[in-house]
Amino acid sequence: MVHIENLVKRYGDLLALDHLNLDIKEGEIFGLLGPNGSGKTTALNCLLALLRYDKGRITVFGKDMTPDSYELKQGIGVIPQNVAVFDQMSVYENIDYFCGLYVSDKKKRRALVEEALKFVELGDYQKMRPKKLSGGLLRRLNIACGIVHKPKLIIMDEPTVAVDPQSRNNILEGIKRLNENGSTIIYTSHYMEEVEQICTRIAIIDKGQVLATGSTEELKAMIKTGETIRIENLVLTEEHLADMRELPHVYRLDYQEQTLVVRLSSAKHNLVRFLNYLQAKDIPFGRVLSELPTLNDVFLEITGKELRD
Amino acid sequence: MIQLFKYRLLQNVRDVSMMFWALAFPLLLGTFYSLAFGNMGNNAAGDGTWSEIPVGIVNVSENQPFEAFLDGLDGDLIKGKVYDDEGAAKKALNNQKIKGYFVIDNNLALKLSGNGLEESILANLLNTYEKNASLAMKVATEKPQQLETFLESLGDYQSFTKNASLGGRTLDPMINYFFALLAYACLCGAFLGTRSTFDSQANLSALGARRCISPTHKLKLIFIDLTTLVLIQFVNMLILTAYLILFLKIDLGDNIPLLLFIELMGTILSISIGIAIGSIARLSQGIKIGITVAVSLFPAFLAGLMFGDIRNIIEVHAPLVNRLNPAAVLADAFYCLGVYNDQTRLTRNLIILGVMAALLLTVAFLSIRREDYDSI
């Protein structure tokens, strides 16, 4: 459905997109995961033909995407990172206005607006101005304006930024429903939990390059980390740390502020071995956590830095 | 298209801060001008509702020429009342029933209650009479054959106290402030133009980006925006003009259709200026609004919004500034239409306005028509 090939975008000396390649299939919720400034939004703006790029090719629905591809734009809906609505118009008027940019038939438009209002559960607020809405409701209005014309392809650029947990869950559930209703979704975020929760396929992006692509499971399978053990409130010496590094399957060990974080390759009884060692050395300790690998581990292992850095 | 037009209209009209600058502020300024010097101007020109100056006359001894002089002015410039003695006149003066009183004795005397405009007129009348009387005496003794002609010329005294412009229009010297105000109000459309670009350019706001990625043709969006803005600002001008003429009773001349046409040209000009300012990508929205304030207010200042004579001073020392300053061109066009009745000058102003409007509209169009950007 969307094909991006060797996309290069420079801002002066800064290389924002470095031969970026993406292939997004129909029916996917495709996640673009990367830290702030990694090139996610730039890639989307190029895809939407808003930004001129230096090199590469972009096709949408099998056709080249250009600024005057009005036919292609008809099938695309965008939910920008910043809420983009008119403060001077009510919830209903905003949705109707943006629907009017895609649909001219008044009767059809009215039905679509009603449907969108119902979808984002803003029916009770339809006469209110955006300034009267809470952050979560405002985000929902932002979504309604982008999906009201029932696009085949929906591009969501960090739609849950600065949203409370309850509203975030509502939004994520809504995205799943949109996908179930037949829309292909491109979803960018730097929240790995969100991406992990809803995306069927993910591209990890950093410094304008795609570092890895695959489902959550496929990405996790690419890395060595099978388990992360975290032990809090313990005092260790260099000797203890050296001993622990020698334990089986340990490949990375960090000890800071009386907290030990150990990354191990997938194996049985890793945690038991560590607890046995602490007991044998009579080292008291606090809370113990054992975690399966996350996308952050994937990002950390590929780039050497945390996703949230 | 009608739906898009309707919502763009609503959105702009409901923008309180922009509508304040584009409509409310000129209305307030007009009211302020009217309160400050609207009537003063009318009175000074003799075009407004003139009320005669109440004046007392105390006849101590006979002075037929002066009495005849006062009789000639009575009912026109003054309203004389004869008092039996100076005490009664003084009492009336203290009670503010009269502005002053003449004591007709061997020597003429004038007692005044203050030093306002009416008191100055009375003092001038006496002064003028005494000069003319002295001159008449001189003519009678030196050239008695010309005395009749001289006295006839004195009879025309009143003819130059009242005057009219070419075409019978107002001569109110304060009218220039209102013409400058109209010019300023036209330029205030720049606020609407600047503000509208924030919502239409992808590199200026998320809202602009959202509109740009829609399948509605960019030219159609530009057309809707321009039409909406021109309509709103022109209606603002209609409201201001009606307010000045009907409510504040300002005489803007007889040719209202042409006045409105000039306002329409000024509106197109100012909207275009605003769009051109708004499309400068590198500046923040606050700075752009600041520039718009400067671009509307400073030219209006040079056109006489705060100091009525400045346009004439510039005309003497740097006439090119008046040709290039849109507010000065607009104010001069209004002046030609309402006062001066100079078709050549009016035509020149209309041509300059037309060229400016076409040029700035082209610049505005070119700056907002692009559909993709180097950076967002």
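# Close-up views of a predicted two-chain model

**View 1. Strand 3 and strand 9 of chain A lie side by side.** Strand 3 (residues 29-33) of chain A runs parallel to strand 9 of chain A, and 4 bridges join the two. This pairing, like everything shown in these views, belongs to a predicted model. Within the pair, Gly31(A) stands opposite Ile202(A), a residue of strand 9 of chain A. Strand 9, which spans residues 201-206 of chain A, is mostly covered, since 5 of its 6 residues are buried.

**View 2. A hairpin joins strand 9 of chain A and strand 10 of chain A.** Strand 9 of chain A also pairs with strand 10 (residues 209-214) of chain A, here in the antiparallel sense and over 5 bridges. One of the facing pairs is formed by Ile205(A) and its bridge partner in strand 10 of chain A, Val210(A). The hairpin has 2 residues between the strands, and in this hairpin Lys207(A) takes a positive phi near 50 degrees. Strands of a sheet pair through backbone hydrogen bonds, and the pairing may be either parallel or antiparallel.

**View 3. An open sheet of chain A contains 4 strands.** The strands of this sheet follow the order 2-1-4-5, and their pairing is antiparallel. At the edges are strand 2 (14-24) and strand 5 (63-64) of chain A, each of which pairs on one side only. Strand 1 (residues 2-11) of chain A is joined to strand 2 of chain A by 7 bridges, and these two strands run antiparallel. Along this pair, His3(A) has Asp23(A), in strand 2 of chain A, as its bridge partner.

**View 4. Chain A is divided into two parts, domain 1 (2-220) and domain 2 (224-292).** The centres of domain 1 of chain A and domain 2 of chain A, taken over C-alpha atoms, are separated by 41 Å. Taken along the principal axes, the C-alpha atoms of chain A fill a box of roughly 75 × 45 × 35 Å. Chain A holds 11 helices and 14 strands, and buried residues make up 39% of its 309 residues. Among contacts in chain A between residues at least 6 apart in sequence, 68% join residues at least 24 apart. An unreviewed UniProt entry gives the annotation "domain: ABC transporter" to residues 2-232 of chain A. Over residues 2-232 of chain A, the chain is 34% helix and 30% strand, with the end C-alpha atoms 46 Å apart.

**View 5. Helix 10 of chain B covers residues 218-247.** This helix has 30 residues and reaches 42 Å from its first C-alpha to its last, close to the 44 Å expected at 1.5 Å a residue. The buried residues of helix 10 of chain B include Ile224(B), Leu226(B), Leu229(B), Ile232(B), Met237(B), Leu240(B) and Leu244(B), and among them are also Asp225(B), Thr228(B), Gln233(B) and Asn236(B). Helix 10 of chain B is followed by Lys249(B), whose phi is positive, near 60 degrees.

**View 6. Chain B carries several spans recorded as "transmembrane region" in UniProt.** The unreviewed entry places this feature at residues 20-40, 174-193, 221-246, 258-277, 289-307 and 350-368 of chain B. Residues 258-277 of chain B are 100% helix and 0% strand, and their end C-alpha atoms lie 29 Å apart. Residues 350-368 of chain B are likewise 100% helix and 0% strand, with end C-alpha atoms 27 Å apart.

**View 7. Gly278(B) belongs to helix 11 (residues 256-278) of chain B.** Gly278(B) counts as buried because 30 other C-beta atoms lie within 10 Å. Leaving aside residues up to four places away in sequence, Gly278(B) touches Gly193(B), Thr194(B), Ser196(B), Thr197(B), Phe198(B) and Lys288(B). Gly278(B) and Ser375(B) are 97 residues apart in sequence, and from C-alpha to C-alpha they are 16 Å apart in space.

Technical notes. Residues numbered from 1 in each chain as written. Chains lettered and ligands numbered in written order. Predicted model: local features only at pLDDT ≥ 70, side-chain atom pairs only at ≥ 80, totals over all residues. Domains from an automatic or database assignment. Expected span 1.5 Å × (residues − 1). Buried ≥ 20, exposed ≤ 12 C-beta atoms within 10 Å, placed from the backbone. UniProt positions renumbered as here; feature names shortened; annotations may be inferred. Pairing = 2+ DSSP bridges. Contact = placed C-beta atoms within 7 Å.
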